[in-house]
Each structure stands twice: as structure tokens, then as C-alpha cells.
Amino acid sequence: MGEERFGEFVLVRRHGDQGVAELVLDRPKAMNAVSTEMARSVAAACAALGGDQGVRVVVLTSTHERAFCVGADLKERNSLSDAELLRQRPVARGAYTGVLELPVPTIAAVHGFALGGGFELALSCDLIVADRTAVVGLPEVSVGVIPGGGGTQLLPRRVGAARASELIFTARRVEAEEAQRLGLVDQLVEAGEDREAALSLAARIAANSPVGLRAAKRALRLGQGLDLRAGLEVEDAAWRAVAFSGDRAEGVAAFNERRAPRWPGQ
């Protein structure tokens with residue numbers, strides 16, 4: 001397993017040759033609160049992963065036993081002047097958009113608290129695996145702001161406008177079983193099993209065509225919010241991008257020869 005550190009608070013682990021990379025939030029003394037430095041590191045790690053053609057799936061995890069991420073570093077925020085806060089804004093956004101714009105499938109492994117910006121990091125992923133200790137929510141209006149890491153846009157796309165409004169306006173925290181019932185998380189596992197379950201799911205996804213996975217994600221993301229006719233044009237463009245690829249030729253050959261494919265990744 002190869003490891004690379006981005007700053008003090010972010011670690012990337014590459015799991016052998018299976019194409020699974022783990023983006024690890026590693027600021028345990030602050031329950032992974034997202035400081036300016038940590039935001040820069042998340043963005044830098046995402047840029048590196050996004051440009052690595054060997055990466056097929058990214059899993060977002062935490063080293064803290066009781067938290068995935070508690071959101072923005074409010075202690076740091078309290079020390080910033082208005083001008084400093086304004087300058088910090090694009091840095092903070094860079095972390096969330098870095099995760100959101102990863103070109104490969106992404107899975108968040110959530111346990112304990114995933115609040116505010118922490119839940120927004122998870123929402124920026126394609127899938128969320130949570131264990132039974134998970135508590136999620138967007139409590140920003142309770143401290144005089146709004147979800148600013150994509151929450152007002154990503155949550156309604158997951159659960160609908162009315163449900164998202166209720167959760168954001170009340171600022172309430174949602175425990176694991178209700179979170180699954182409402183669609184806030186996709187898979188619920190026993191306590192302590194979120195990381196292994198997410199890595200297992202990632203390995204299953206990574207067995208598929210790298211070209212196909214990237215194109216499928218692009219079609220899914222670009223098609224959101226479009227009318228059906230426009231969405232089908234997005235899908236057709238993605239199909240054309242893969243139809244004449246080496247992966248498509250190998251996939252068809254492997255199927256007919258009844259063997260596991262050896263993806264060229266191009």
C-alpha cells in the first residue's frame with residue numbers, strides 16, 4: 001500500500017494495483033474540522049488523484065474514531081476579519097469542488113459526526129456508506145450562515161426540495177437509521193465497518209472498465225437537472241467517447257472468451 005501526505009492533515013493511500021485510492025481526513029485533534037490549511041490539502045490531493053489515470057475509485061475516510069468531519073473550523077473562523085474571511089472563501093470552496101469534480105466514482109465512509117462542511121464533503125461523493133454511529137446534518141443556519149460547501153444544491157438533488165428545506169431550516173441532526181430511511185446515506189453497516197464496507201464496494205466498482213466508469217460518471221453528473229432530451233444527448237456523447245475505446249474492445253472480447261477482462265484503460 002503506497003501512501004502520500006498532502007500537508008499535515010490529508011493522506012492518500014493507494015491500495016495495490018486495484019485502482020482504489022483512499023483520501024484520508026487526518027486532523028484528529030480537531031475532529032477533522034476543515035481549516036484553511038486542510039482545505040488546501042484536500043484540494044491538492046483531489047487534483048493529484050483526478051490526474052492519475054491509474055485511479056478508478058476514490059474512498060473518502062477519516063482517522064478519527066468518533067467523527068468523519070465536524071465541518072468548518074469555527075475557531076479559526078472566529079479569528080478572521082471580514083477581509084480575511086472573503087479571501088479564505090475560494091480556498092474553502094476548492095476542497096468541496098475538488099471532491100465533487102473528481103472524474104472517477106467516489107464513496108464516503110462515514111461514522112460518528114458528519115456535520116456542516118463534513119456532511120457536504122460526503123454529499124460531494126457519489127455514494128455514502130455509513131455505520132450505525134453516524135450523525136449527519138447541515139446546522140449552518142444555527143450559527144448565522146448557510147451551507148456553503150454545496151449543501152443547498154446537493155442535498156435537494158438527493159432527497160428532494162421539501163426534505164432538504166426541512167433539514168436545512170431546522171438545522172437538526174439526523175441519526176444513522178433515519179438518515180438511511182430519508183436517503184441521506186446509501187448503505188448502513190454495523191459500527192466500525194464503514195471503511196471496510198466502502199473499500200469493498202470500491203473494489204467491486206474498480207473491477208469494471210476505467211474508461212466506462214469515467215464516462216458513466218460524466219454522463220450522470222452532466223445530465224442532472226437537464227430535461228430528458230438534453231440528458232439523452234449527454235449520454236450519447238459519453239457513449240461515443242467509449243464506443244471505440246480499447247476498453248470496449250477488450251470487454252466484448254473477454255465476454256465472448258468467457259474470461260476476466262484485462263482493461264487497457266484507454
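This is a predicted model: local features need pLDDT of at least 70, side-chain atom pairs count only at pLDDT 80 or more; totals for chains, interfaces and linings use all residues.
Reader: Hello! What should I know about the numbering and the model before I start?

Author: Welcome! Residues are numbered from 1 along each chain as its sequence is written.

Reader: How many strands form the open sheet, and in what order?

Author: Strands (E, at least two residues) and helices (H or I, at least four) are DSSP runs numbered from the N terminus, and two strands pair if DSSP finds at least two bridges between them. Here 7 strands form an open sheet with mixed pairing, in the order β1-β2-β3-β4-β6-β8-β11. At the edges stand β1 (2-6) and β11 (187-189), each with a single partner strand, so one side of each has no neighbour in the sheet.

Reader: Which way do β6 and β8 run relative to each other, parallel or antiparallel?

Author: Parallel: 4 bridges join β6 (residues 106-110) to β8 (residues 127-131). As one example, alanine 108 has isoleucine 128 in β8 as its bridge partner.

Reader: Which helix packs on the sheet?

Author: Contact means heavy atoms within 4.5 Å; angles run from 0 to 180 degrees between N-to-C directions of axes, which are lines fitted to C-alpha atoms, for helices over the stretch in contact. Helix α1 (residues 36-50) touches β1, β2 (10-15), β3 (20-25) and β4 (57-62), and its direction makes about 25° with that of β2.

Reader: And what is the volume of the largest pocket?

Author: On a 1 Å grid over the protein atoms alone, a pocket is an open set of points where a 1.4 Å probe fits, with protein on both sides within 12 Å along at least five of seven lines; lining residues have an atom within 4 Å of a point. A volume is the space filled by probe spheres set on the points, which are joined across faces, edges and corners. The largest pocket has about 720 Å³. Of its 26 lining residues, Ala72, Leu74, Arg77, Glu140 and Val145 are the closest to its centre. The largest share of that lining, 5 residues, comes from α3.

Reader: Which residues lie nearest the centre of the second largest pocket?

Author: They are Cys125, Asp126, Leu220, Arg221 and Gln224, among 17 lining residues. This pocket has a volume of about 500 Å³, and α9 gives the largest share of its lining, 5 residues.

Conventions: Side-chain values use heavy atoms; hydrogens and water are left out.
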